[in-house]
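Reader: Please take one part of this model and go through it closely, with the cut-offs stated as you use them.

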Amino acid sequence: PREGPALLQGLAICGVCGKRMTVQYRVRNGRVVPSYVCQREVIEQAASPCQRIPGAGVDRAIGEMLVEAVTPLALKVALAISEELNQRAEEADRLRLGQVERARYEAELARRRYMQVDPDNRLVADVLEADWNQKLRALSEAQEEYERQRKADRVLVDEEERGRILALATDFPRLWQDPRTSDRDRKRMVRLIIEDTLLKKENITAHVRFKGGASRTLTLPLPLPAHQLYQTDPTIVAEIDRLLDDHTDGEIARILNERGLRSGHGNRFDRLMVRKLRLAYGLKDAYSRLRDRGLLTLEEVAAALGVSTATVKHWRRRGLLRACAYNDKDQYLYEPPGEDAPVKGKWKLRRKNTPATRGEGAV
């Protein structure tokens, strides 16, 4: 295993052509993201890649499957199978021990035959001695084979080892999810459990084959394109549409930030971002909405009241005219003047006759 984060490095097999897939890495938002590519044809014949599968979702599903597989129930089943294998090993040990005993008996029988022969009969003595040596060699080979097989089959699990194995149910998920666990160590753990994985880009189907021969199939959805992956939440767009009835782009950005809402990239909103979303989704701007509600422009109000535009602005700042900002440049649309609207010349006269200007009420 290398240092990269691709869990299935060296284990991924193309589900189309059956060849081993290689790993390619890309940096996305500061993170290294793997892709599994079948490029044998690219290397040998300069053809197009057989298939390319995004690896982030596959690796995440494989990790969740492994954490799910290493459970107390699975480990208890493994221990039960281990005990059954031990029983079979003990039975095989008895059979092999019987073969050793038969070889020892035949060697002893050949020895007695040789010891009882007449020494003067050298021809018979040589034949019996050769047979005895052959039986001794067979006994030695049977004993060596017995010892070798006995060591190989010695898989007895004591209580302490059972406790350690069952502790894996909690230790393995904790170790797997620990940020201090390196990618190389995770890939080593994968290789202890998984033989290989067959990948096919049809909603990304992964056929996982475990070391013991069992298999499992994972069906994963294709990852969203980048423009959808980082798309702003539709509920936020709907809220922007609602706020545009009474607020400017800058005010909407401030309101969204105060509520803790973020864009599709996880950024805070600003005036330009709200404007970009408004244009991208075809939302009516504040100016059009206010005009639809019957509000008037600065020039229209000035003409209706028979005053200059500067006077209209002055009256708005004094609170004598009601207006709504339609952008962040201090530009407004005005409600149609009513009966209480100020009149040219009278408002200035009324202001001169107030107690404050006459000095009345002074202490």
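**The α11–α12 loop and helix α11**

Author: L296 sits in the loop that runs between α11 (286–292) and α12 (298–305); helices are DSSP runs of H or I with at least four residues, strands are runs of E with at least two, and both are numbered from the N terminus. This is a predicted model, in which local features need pLDDT of at least 70 and side-chain atom pairs count only at pLDDT 80 or more, while totals for chains, interfaces and linings use all residues. Residues are numbered from 1 along each chain as its sequence is written, and side-chain values use heavy atoms, leaving out hydrogens and water.

L296 has a relative accessible area of 21%, so it is partly exposed (buried is under 20%, exposed over 50%, partly exposed in between, with a 1.4 Å probe and protein chains only). Beyond its neighbours within four places in sequence, L296 is in contact (heavy atoms within 4.5 Å) with R291, V301, L333, Y334, P336 and P337. L333 is 37 residues away from L296 along the chain, with 5.4 Å between their C-alpha atoms.

R289 forms a salt bridge (a side-chain nitrogen of Lys or Arg within 4 Å of a carboxyl oxygen of Asp or Glu) with D241, at 2.4 Å between the closest N and O atoms. This pair links distant parts of the chain, as D241 belongs to helix α8 (residues 234–243), 48 residues from R289. D241 is partly exposed at 29%. R289 also meets D245 in a salt bridge, at 2.8 Å from N to O. Here D245 lies in the loop between α8 and α9 (249–258), 44 residues from R289. D245 is partly exposed at 31%.
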